[in-house]
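The stops below are given in the order in which to select them.

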Amino acid sequence: MHTLEDAKSAALLDRATLVLNRSWRPVHVTTVRRALCMVFRDAAKVVCTESLATYTFRDWLELPVPPGQTAIRSPSVRMLPPEVILLTNFDRVPSHEAPFTRRNLFLRDDFTCQYCGRRCTSDHLSVDHVLPRSRGGTTSWENCVLACVSCNARKADRTIKEVGLRLLRPPVRPRWTPYLNLRPSQRMPSWAQFASDHKRRHFGQG
Ligand SMILES: [Zn+2]
C-alpha cells in the first residue's frame with residue numbers, strides 16, 4: 001500500500017537536479033535519481049545551495065532533514081533530494097551549445113510561428129528553411145525556424161524577401177542547454193546563483 005508520503009518521495013526522484021562541472025558552471029540537468037547514483041559512485045558531490053558546502057553520499061545521508069521538508073524515504077533512509085550536484089572529475093569540455101534537434105527547435109521558438117507570431121501546437125507547425133534548401137540553405141539553427149501551416153504554404157520555396165515576410169527575430173543557436181530542456185516550472189530557484197548574468201535573466205523569467 002502506497003502512502004501519500006511514498007508517492008511524494010517517488011516524485012522527488014524524478015525532479016530536476018542541476019549538474020555543475022568542476023568550475024561550478026552549469027553543464028547539464030538530470031533527475032534526482034540519476035544525480036544520487038552519480039554521487040553514490042563518487043562521480044559527483046551534492047552542493048548545499050545555502051552554504052555551498054559539498055557532501056559525499058554518506059555525508060548527505062547523515063544530514064538531518066529539517067522539519068517540514070519533503071524527503072526521499074525508504075525504510076532505512078530519509079534524505080533531502082539534491083537540487084545541485086558538482087562533478088568531481090574532469091570530463092570532456094562541456095558543451096554549452098544546444099544540439100540542433102527538432103525538439104530543441106520547438107523549445108527555442110516556443111511553439112510560435114516565427115513569421116506571424118501565432119502560437120500553435122506542434123502538428124500545426126513545421127520546420128521552415130529561411131533560405132530554402134533548393135537555394136543552398138542549410139539545416140541549422142541559423143537557417144531553420146518554426147512556421148505555421150499557412151505561413152509555410154505562403155512562403156513555399158521562396159526567400160522571405162521574395163514573399164515579403166519578416167522574421168520575428170533572427171534565428172540563432174541557443175546558448176545553453178540545461179534550461180532549454182526544462183519548463184520554467186521545473187527549474188529550482190536555487191539554480192539562479194550558478195547562472196551568469198545572461199543566463200540569470202532567463203531563470204528570472206520563470
Ligand atoms: Zn505563421
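Start with the largest nonpolar core, which has 19 residues. A nonpolar core here is a set of buried Ala, Val, Leu, Ile, Met, Phe, Trp, Tyr and Cys residues joined through C-beta atoms within 7 Å. A residue is buried if 20 or more other C-beta atoms lie within 10 Å of its own, exposed if 12 or fewer, and partly exposed in between, with C-beta atoms placed from the backbone. Select Leu18, Leu20, Ala35, Val39, Val84 and Ile85, the residues with the most contacts inside this core. Two residues are in contact if their C-beta atoms, placed from the backbone, lie within 7 Å.

Next, colour the elements that give two or more residues to this core: strand 1 (16-20), strand 2 (26-31), helix 2 (32-40), strand 3 (44-47) and strand 7 (84-87). Helix 2 supplies the largest share, five residues. Helices (H or I, at least four residues) and strands (E, at least two) are DSSP runs, numbered from the N terminus. A second, separate core of 10 residues can be selected through Tyr115, Val130, Val145 and Ala147, which are among its members.

Before going further, note that this is a predicted model: local features need pLDDT of at least 70, side-chain atom pairs count only at pLDDT 80 or more, and totals for chains, interfaces and linings use all residues. Residues are numbered from 1 along each chain as its sequence is written.

Five of them form an open sheet with the order 2-1-7-3-4 and mixed pairing. Strand 2 and strand 4 (54-55) are at the edges with a single partner strand each, so one side of each has no neighbour in the sheet. Two strands pair if DSSP finds at least two bridges between them. Strand 1 and strand 7 run parallel and are joined by three bridges; select Leu20 to find its bridge partner in strand 7, Leu86. Strand 3 pairs with strand 7 in the antiparallel sense over four bridges, and Val46 has Ile85 of strand 7 as its bridge partner.

Is Pro26 buried or exposed? Pro26 is buried, with 21 other C-beta atoms within 10 Å. The C-alpha atoms of Pro26 and Leu86 are separated by 9.0 Å, although these residues are 60 residues apart along the chain.

Then select helix 2, which lies across strand 1, strand 2, strand 3 and strand 7 and runs at about 110° to strand 2. Axes are lines fitted to C-alpha atoms, for helices over the stretch in contact, and angles run from 0 to 180 degrees between N-to-C directions. Val32, Ala35, Leu36, Met38 and Val39 are buried in helix 2. They cover an arc of only 160° around the axis, which puts them on the same side of helix 2. Just after helix 2, stop at Asp42, which takes a positive phi of about 65°.

Finish with residues 197-206, where pLDDT, the predictor's confidence in each residue from 0 to 100, stays under 50.

Technical notes:
The arc is that of the directions from the helix axis to the C-beta atoms.
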